Amino acid sequence: MGINTVNSGEQIDRQSRILEAALDLLSRHGISGVSMRAVAREAGVALGLVNYYFDDKMSLVRAALHSVDEHDLRLVAPDPSLAPDEQLRKALHRVAGAELLTTRYLSLRLHLWALAQAHEDFALINAAAFDRYLDGLAALVSNANPALPPEECRDRAADIVVVQNGMWLTALLGIDKAAIQRSIARTEQIAFAPPRDN
């Protein structure tokens with residue numbers, strides 16, 4: 001049992017290092033900077049190990065995109081220890097965390113959005129990830145506002161994402177912290193507004 005556990009843990013660690021290296025290269029150089037050899041060098045592993053886990057550059061980039069998707073889902077994951085309205089507020093603040101407002105992360109986001117426009121496989125992954133994020137955010141809005149119909153929760157989630165993406169883009173310009181706080185406040189206004197009249 002001990003050997004299998006160690007090997008399994010080492011495999012996960014190596015694979016994580018490889019994915020992180022691919023994301024770093026994507027962030028700095030875009031898709032043109034990602035090759036199996038460059039990823040191996042960045043991760044500090046042998047090229048054969050990268051090839052062991054990933055068949056080619058495309059499968060590596062797909063896996064990297066899926067890891068970003070998993071990260072995004074954690075941003076809207078409910079926290080059962082909090083009341084529904086606090087869960088929503090926490091998620092709205094989470095997207096403005098210091099680790100997400102770095103040049104590295106924001107550059108990665110821009111490259112990932114560009115990839116979605118350049119390749120159909122990446123567009124499908126991006127669209128599915130966006131839908132899952134939107135569903136998670138809409139569920140938080142619904143839980144905090146049970147009287148809202150599902151379509152209004154989804155519309156509000158989509159409006160919130162527009163503000164969040166705008167905040168990420170303008171953060172690259174060195175926007176001040178007060179503007180970030182106003183963006184978060186705007187997402188809260190959208191999330192907690194009274195139901196619209198039909």
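What covers the buried residues of helix H5?

1. This is a predicted model, in which local features need pLDDT of at least 70 and side-chain atom pairs count only at pLDDT 80 or more, while totals for chains, interfaces and linings use all residues. Residues are numbered from 1 along each chain as its sequence is written, and side-chain values use heavy atoms, with hydrogens and water left out.

2. On the opening question, the cover of the buried residues of H5 includes H4, H7, helix H8 (150-171) and helix H9 (177-192), where contact means heavy atoms within 4.5 Å and helices are DSSP runs (H or I, at least four residues) numbered from the N terminus. The buried residues of H5 (residues 84-94) are Gln87, Leu88, Ala91 and Leu92, buried meaning under 20% relative accessible area with a 1.4 Å probe and protein chains only. Seen down the axis of H5, these residues fall within an arc of 135°, so they line one face of the helix; the arc is that of the directions from the helix axis to the C-beta atoms.

3. Helix H4 (residues 57-75) and helix H7 (residues 120-144) have axes that come within 9 Å and cross at roughly 10°, the axes being lines fitted to C-alpha atoms over the stretch in contact, with angles from 0 to 180 degrees between N-to-C directions. The two helices are therefore roughly parallel to each other (angles under 35 degrees).

4. Ala46 lies in the loop between helix H2 (36-43) and helix H3 (47-53), and at 51% relative accessibility Ala46 counts as exposed (over 50%).

Key: Angles under 35 degrees count as roughly parallel, over 145 as roughly antiparallel, 65 to 115 as roughly perpendicular and the rest as oblique.
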